[in-house]
Amino acid sequence: MTRSISLSTLRRMKADGTPIVALTAYDYSFARVVDRAGVDVVLVGDSLGMVMQGHGGTVPVTLQEMAYHTRCVARGLDRAYLMVDLPFLSDYDSRAALESAAMLMKEGGADMVKIEANAEQAPIVEALSRAGVPVCAHFGLRPQRVGQLGGYRVQGRGEEAAEQVLADARALEAAGADILLVECLSAPVAARVRASTGLPLIGIGAGVDCDGQILVLQDILGITPGRPPKFSHDFLAGRDSIPAAVEAYVEAVRSRRFPGPEHGFE
């Protein structure tokens, strides 16, 4: 199915300074809601492991589960560009990443795959790009690596750490990534990344100076169990329906009213 928003659309939005609105969805019904609300990019994230399956993290999610949820979401989209996560260890080398991307695109209907990567994984990004796979490279905080990181920690604090983030951005762009996504990154460093790349930059917990924003659907509806992330906001509070909440999120990102200073990290 050909959707009205393409990668070319997202590149034009960056060039025009129009904020890109991205949001997760994991099933057909919510895909219809977010698509009709005007969301530009829908992500089938491996965050489904927590918000749909009740796991403590993303590691247990399988490739087959990602393909299933992608098929469900794809049936609900007429407009939005469909991005899908490569789950943990489905992209450990170029061959595995290519096979995983093939399943998510050919069987699931994804338009793009997202890989958690830094400069070390640039050869995998390059292999995907050479094969014609549109790639979003997700760096800064990488949730699949929180076990190694020792928890969910803000990235890019200190000049050495900031320079490493910028080096990752340059390496991933050179490898052929089409979109960059940064998570839990200090806002000034995210602004430096945006200034140093020609690619659309989508942020989550990375301040307002990105080309777009993404959140988890359950977070903007205030239904995520436990303490919500600092970078999220409950858009359902004070509104009478889920569609109204999603529309409010779209408008807030488009007008750059979200995120505010209280949602970011210095």
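Predicted model: local features only at pLDDT ≥ 70, side-chain atom pairs only at ≥ 80, totals over all residues.
**The largest pocket.** Begin by selecting Met50, Glu183, Asp219, Pro229 and Phe231, the residues of the pocket lining that lie nearest the centre of the largest pocket. The complete lining comprises 34 residues, and the space inside amounts to about 750 Å³. Next, colour the elements that each give two or more residues to this lining: α3 (48–51), β4 (112–116), β6 (179–183) and β8 (212–215).

**The largest cavity.** How many cavities of 30 Å³ or more does a search of the whole structure find? The search finds one. The largest cavity holds about 40 Å³ of space. To display its lining, select Pro19, Val208, Cys210, Gly212, Gln213, Val253, Arg256, Phe258 and Pro259. By class, this lining divides into six nonpolar residues, two polar residues and one charged residue.

**The surface patch.** Finally, turn to the surface and select Val59, Phe88, Leu89 and Tyr92, which form a nonpolar patch. Together, these four residues present about 400 Å² of accessible area. Centre the view on Phe88, which is found in the loop between β3 (81–85) and α5 (94–107). Phe88 counts as partly exposed because its relative accessibility is 30%, and the partly exposed class lies between under 20% for buried and over 50% for exposed.

Key: Residues numbered from 1 in each chain as written. Heavy atoms only, no water. 1 Å grid on protein atoms, 1.4 Å probe; cavity = no way out; pocket = protein on both sides within 12 Å on 5 of 7 lines; lining within 4 Å. Points joined across faces, edges and corners; volume = space filled by probe spheres on them. Nonpolar A, V, L, I, M, F, W, Y, C, P; charged D, E, K, R; others polar. Helix = DSSP H or I, 4+ residues; strand = E, 2+ residues; numbered from the N terminus. Patch = residues over 30% accessible without salt bridge, like charges linked within 9 Å, V, L, I, M, F, W, Y side chains within 5 Å. Areas by Shrake-Rupley, 256 points an atom, 1.4 Å probe, with all protein chains shown as cover. Salt bridge = Lys/Arg side-chain N within 4 Å of Asp/Glu carboxyl O. Buried < 20%, exposed > 50% of the residue type's maximum accessible area, 1.4 Å probe, protein only.
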